[in-house]
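Welcome! Let us walk through this structure together, one group of side chains at a time.

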Amino acid sequence: MGRIRCLAWITFKEGIRHRSLYGIFIFALLICLADFIISDLFMLDVVKVSIDIALSAVSISGLLLIFFLGIPLLARDLDKRTIYMVICRPISRGEYILGKFFGFCLLLFVSTTLLSVFACATIKVMTLIYKSYTPMHFSWLKIAVGLFSIFVSLCVMQAVVLFFASFASGFFITSIFSLVTYFIGQNIESVKRILATVQDVSPVIKTILKVASWIFPRLSAFDLKTMAAHGLPLKISFLIWNYVYGISYTAILLILAILIFRKRQLP
């Protein structure tokens, strides 16, 4: 456990020193500033739109962190052969994968926490400026739950990235597989709902969608921006199921990544 903690801390420090991190933070701040301009275009729903944009800024920035920092974690070590400096020590490949995962999750937690502070500050200013347009069911708790759900979804995506990186031959292939997985995970539930309203749908298509919904992560379940913006009812059972699902899916992917990486022939 101590070796995993050490690797996680090294991974975290590598991420903090990466220049892309600061560029992503600037990008998120620009979105938060643009929130004031965009929200004004929706006068009656100005606060609702502001909440949606603020949470979207955190979500998009976290996703950029994964693609610009998370994916190169393993690919860079393989390309530069620095992985041999790690596994030549009494550290197993499984500990290496777990160390990388927990280290980047720590980076995601710190980053999303800071971004959440900026997002909440933006929302607070908008509620002060437009008090009369603040929704009746406005709740900081629901916003906090929405932000935490974003963090959980990002951790799931990082597990997806490590799974593909455990057998993929390079940065590009891992990026493509991860991007496709993210796109399917965000939209498969919407596609299922649309097809449920359509008659004469092929049984083959229904079967494919059902299988895909079990294989790919249901990332849309962690998208609670609408709930936070409109103050919709918050079911504790729904949240517990979401988080249990996210933890279980992440654990399965990490186990598969470890098993595959143990058998992988390193360059």
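Predicted model: local features only at pLDDT ≥ 70, side-chain atom pairs only at ≥ 80, totals over all residues.

## Salt bridges

Glutamate 14 and lysine 100 join their side chains in a salt bridge, with 3.9 Å from N to O; the term stands for a side-chain nitrogen of Lys or Arg within 4 Å of a carboxyl oxygen of Asp or Glu. Glutamate 14 belongs to helix α1 (residues 2–17) and lysine 100 to helix α6, so this pair ties together parts that are 86 residues apart in sequence. Helices here are DSSP runs of H or I with at least four residues, while strands are runs of E with at least two, and both are numbered from the N terminus. Glutamate 14 is partly exposed, at 28% relative accessibility, whereas lysine 100 is buried, at 6%.

Residues are numbered from 1 along each chain as its sequence is written, and side-chain values use heavy atoms, with hydrogens and water left out.

How many salt bridges does a search of the whole structure find? There are three. Glutamate 189 and arginine 218 form one of them, at 3.5 Å from N to O. Since glutamate 189 sits in helix α8 and arginine 218 in the loop between α9 (203–215) and α10, the pair ties together parts that are 29 residues apart in sequence. Glutamate 189 is buried, with a relative accessible area of 17%, and arginine 218 is partly exposed at 26%. Aspartate 223 also has a salt bridge, with lysine 225, and their closest N and O atoms are 2.7 Å apart. Aspartate 223 is partly exposed at 36%, while lysine 225 is buried at 14%.

## The nonpolar cores

Now let us look inside. The largest nonpolar core holds 63 residues, and Ile51, Leu55, Ile97 and Phe104 have the most contacts within it. Such a core is a set of buried Ala, Val, Leu, Ile, Met, Phe, Trp, Tyr and Cys residues joined through side-chain atoms within 4.5 Å. Two or more residues come from each of α2 (19–39), α3 (46–70), α4 (72–79), α6 (93–129), α7 (140–165), α10 (225–230) and α11 (236–263). Helix α7 gives the largest share, 17 residues.

Which residues does isoleucine 97 contact, leaving aside neighbours within four places in sequence? They are Leu74, Leu162, Leu254, Ala257, Ile258 and Phe261, where contact means heavy atoms within 4.5 Å. Another core, of five residues, lies apart from the largest one and includes Ile31, Cys32, Val49 and Ala57.

## Aromatic pairs

Twelve is the number to remember here: the count comes to 12 aromatic pairs. Rings of Phe, Tyr and Trp (its six-membered ring) pair if their centres lie within 6.5 Å, and planes under 30 degrees apart count as stacked, over 60 as edge-to-face and the rest as tilted. Tyrosine 96 and phenylalanine 261 make a stacked pair, 6.0 Å centre to centre with 15° between the planes. Tyrosine 96 is in helix α6 and phenylalanine 261 in helix α11, so the pair ties together parts that are 165 residues apart in sequence. Both tyrosine 96 and phenylalanine 261 are buried.

Phenylalanine 148 and tyrosine 243 are paired edge-to-face, with 5.3 Å centre to centre and 85° between the planes. Here helix α7 provides phenylalanine 148 and helix α11 provides tyrosine 243, so parts that are 95 residues apart in sequence are tied together. Phenylalanine 148 is partly exposed at 41% relative accessible area, and tyrosine 243 is buried at 18%. Ring pairs also link Phe109, Phe148, Phe151 and Tyr243 into a cluster.

Threonine 174 lies in helix α8 (residues 171–196). Is threonine 174 buried or exposed? Threonine 174 is buried, with a relative accessible area of 3%. Not counting residues up to four places away in sequence, threonine 174 touches Ile71, Val161, Phe164, Ala165 and Ala168.

Isoleucine 176 is also placed in helix α8, but counts as partly exposed at 37% relative accessibility.

Technical notes:
Buried < 20%, exposed > 50% of the residue type's maximum accessible area, 1.4 Å probe, protein only.
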